[in-house]
Amino acid sequence: MKMSDSEDATMSLPCVVVTSSDATFKEEEIIKQILGVKTLPEASKQEQTVVWYPWTINNKYYTADVRLCAVSSTFLMSSEIAQSMQAFIAYFDSTKKDGLEKLHPWISVVEDIAPEVLILVCDRVCEDGVTRHAAQQWCLSHSFELVELNPQELPDEDDDFPESTGVKRIVQALNANVWTSVEMKDGNSQSFGLMSSLVAARHNHPRSCQDPQSSSLPAEGTLADEVTHTETRSSTENTVVDAMTNLDIQELANLTAGDADVDNFERLFTKLKEMKDKASSLPHDQRKLHAEKVAKAFWMAIGGDDDEIDGLSSGEES
């Protein structure tokens, strides 16, 4: 039977795959929190236990129709889901020491598809289960961002730009993605150029840019093989991060050199906030190095002299 135009359009929409390895916490719970509702809307589609829910991202700059897709197991993945998957959210039980191990089947799937947004979610890290260090190491190894729904330590209220936490951070990350269904709002057409550059950078430096043998996790391997695999992945991730950072810095420099009007200042303020949000996802010990790198690159981008900032990384006062 031939599909209707509306059904065909729905199938072509990008999707956020949501899964949970915790039997007591269903995928729909995260979807409810993302949508900000107590009762889920009518599903746009359902096949067996896989359910698609509609969501329109509507922010200041653009709108984008996406689908939130609840998939409880890798065995339920279909070609339709794989082809439209642009974000992946995985919930795990942090109170169990093997909580992260239950997500193991998803790793090869995620590496093959390479969605732009990868988020690891738990209620909060647990010293008697999966510790913060263990969760962050897992995230670094697999290019995820860790988000705690109810973190024990909240951001400093005195911070000018406090870090977002919980579902707010998840929604923020999804809003920052470049969706294939994006429609820019009037007055923000200049932002489309940056978004196109981000898409190009992601395609030129895909997250899964590895040798074919490493597209799936090996069943067995020596320690040396694991170290080599980690170093290769780290190098690739650094390339992607550098590409993103360079684009951010160039736009920041352009905004700084632009007209001193309200609109330009607002875009500059927004860009600074976006860059801080990106930096906040890094481990604490890497944030200072990242900040120094961005400061130096920005200084050079606006025509500054390299000699004037030689002492920045050593902590010397200018």
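**Salt bridges, aromatic contacts and a helix face**

K96 has a relative accessibility of 43% and therefore counts as partly exposed. In this predicted model, K96 pairs with D93 in a salt bridge whose closest N and O atoms are 3.7 Å apart. D93, with a relative accessible area of 17%, is buried, since the limit for that class is under 20%. Side chains of opposite charge can pair when their charged atoms come close.

The structure contains 7 salt bridges. One of them joins the side chains of R67 and E80, with an N to O distance of 3.1 Å. Because R67 belongs to strand β4 (residues 62–70) and E80 to helix α3 (residues 79–84), this pair ties together parts that are 13 residues apart in sequence. R67 is buried at 1% relative accessibility, and E80 is likewise buried, with a relative accessible area of 13%. R67 and E80 also take part in a network of salt bridges that links them with K45 and E47. Within that network, K45 additionally lies over the face of W52, at 5.0 Å from the ring centre.

A further salt bridge is formed by R132 and E148, whose closest N and O atoms are 2.9 Å apart. R132 is located in helix α5 (residues 132–142) and E148 in strand β7 (residues 145–148), so the contact ties together parts that are 16 residues apart in sequence. R132 is partly exposed, at a relative accessible area of 30%, whereas E148 counts as buried, at 10% relative accessibility.

Turning to the aromatic residues, the count comes to 4 aromatic pairs. Among them is the pair of F88 and F144, which is edge-to-face, with 6.1 Å from centre to centre and 80 degrees between the planes. Since F88 lies in strand β5 (residues 85–91) and F144 in the loop between α5 and β7, the pair ties together parts that are 56 residues apart in sequence. Both F88 and F144 are buried. Together with W106 and W138, F88 and F144 form one aromatic cluster.

In helix α6, which spans residues 166–175, the buried residues are G166, R169, I170, A173 and L174. Viewed down the axis of α6, these buried residues fall within an arc of 135 degrees and so line one face of the helix. An α-helix has 3.6 residues a turn, so residues three or four places apart point the same way.

Notes:
Residues are numbered from 1 along each chain as its sequence is written. This is a predicted model: local features need pLDDT of at least 70, side-chain atom pairs count only at pLDDT 80 or more; totals for chains, interfaces and linings use all residues. Side-chain values use heavy atoms; hydrogens and water are left out. Buried means under 20% relative accessible area, exposed over 50%, partly exposed in between (1.4 Å probe, protein chains only). Helices (H or I, at least four residues) and strands (E, at least two) are DSSP runs, numbered from the N terminus. The arc is that of the directions from the helix axis to the C-beta atoms. A salt bridge is a side-chain nitrogen of Lys or Arg within 4 Å of a carboxyl oxygen of Asp or Glu. Rings of Phe, Tyr and Trp (its six-membered ring) pair if their centres lie within 6.5 Å; planes under 30 degrees apart count as stacked, over 60 as edge-to-face and the rest as tilted. A charge sits over a ring if NZ of Lys or CZ of Arg is within 6 Å of the ring centre and within 35 degrees of the ring normal.
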